[in-house]
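Hello,

Here is the structure I promised to pass on. Please have it open while you read my notes below.

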Amino acid sequence: MQEYIGYFIHLYNRLGHGFEVKAITGTMLAVLSYLFDPMQHAALLALFILILADFCFGVTASRFEGNPVRSSKVRRTAIKMTVYFTIVAMTRITENAIPLLTFMDETLVGFLAATELLSILENVGRMGYAVPQKLTKVL
């Protein structure tokens, strides 16, 4: 394991010496810092974890029901992440354009997180566990 870590450090150092790689990485980080609200980092990380948890529970529920796991379903999760985070970024740009709408990205991230939680609860229900019906109706 130690040799793999050393190898990855070696690769990173080799890539990091080039000016072009540093310039591209710096530019990408600057763009990302503009597209996403720094105060929302914890919420965006929570949304990312909820999407991954939904994927894991969905795979587990499919296996529990005896359904095969298809690559198209796996691809759908990657597309969902791309769409969700693009929408969040566009909402942030809209907030920058219209300063009166300072609540939009928080509301959107909350809605997306609630949607993922509902999907997780549905998958848990498919596995045979009790799911509080009042909570699913609220979500």
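This is a predicted model: local features need pLDDT of at least 70, side-chain atom pairs count only at pLDDT 80 or more; totals for chains, interfaces and linings use all residues.

Residues are numbered from 1 along each chain as its sequence is written, and side-chain values use heavy atoms, with hydrogens and water left out.

The whole structure holds three salt bridges (a side-chain nitrogen of Lys or Arg within 4 Å of a carboxyl oxygen of Asp or Glu). In one, Lys80 pairs with Asp54, with the closest N and O atoms 2.9 Å apart. Lys80 lies in helix 4 (residues 71-97) and Asp54 in helix 3, so the pair ties together parts 26 residues apart in sequence; helices are DSSP runs of H or I, at least four residues, numbered from the N terminus. Lys80 also forms a salt bridge with Glu116, at 3.3 Å. Glu116 lies in helix 5, so this pair links parts 36 residues apart in sequence.

Lys80 is buried at 18% relative accessible area, and Glu116 is buried at 1% (buried means under 20%, exposed over 50%, partly exposed in between, with a 1.4 Å probe and protein chains only).

Glu65 and Arg126 meet in another salt bridge, 3.1 Å from N to O. Glu65 lies in helix 3 and Arg126 in helix 5, so parts 61 residues apart in sequence are tied together. Glu65 is partly exposed at 39%, as is Arg126 at 32%.

Helix 5 (residues 104-126) is followed by Gly128, whose phi is positive, near 100 degrees.

Best wishes

Definitions and conventions. Helices (H or I, at least four residues) and strands (E, at least two) are DSSP runs, numbered from the N terminus.
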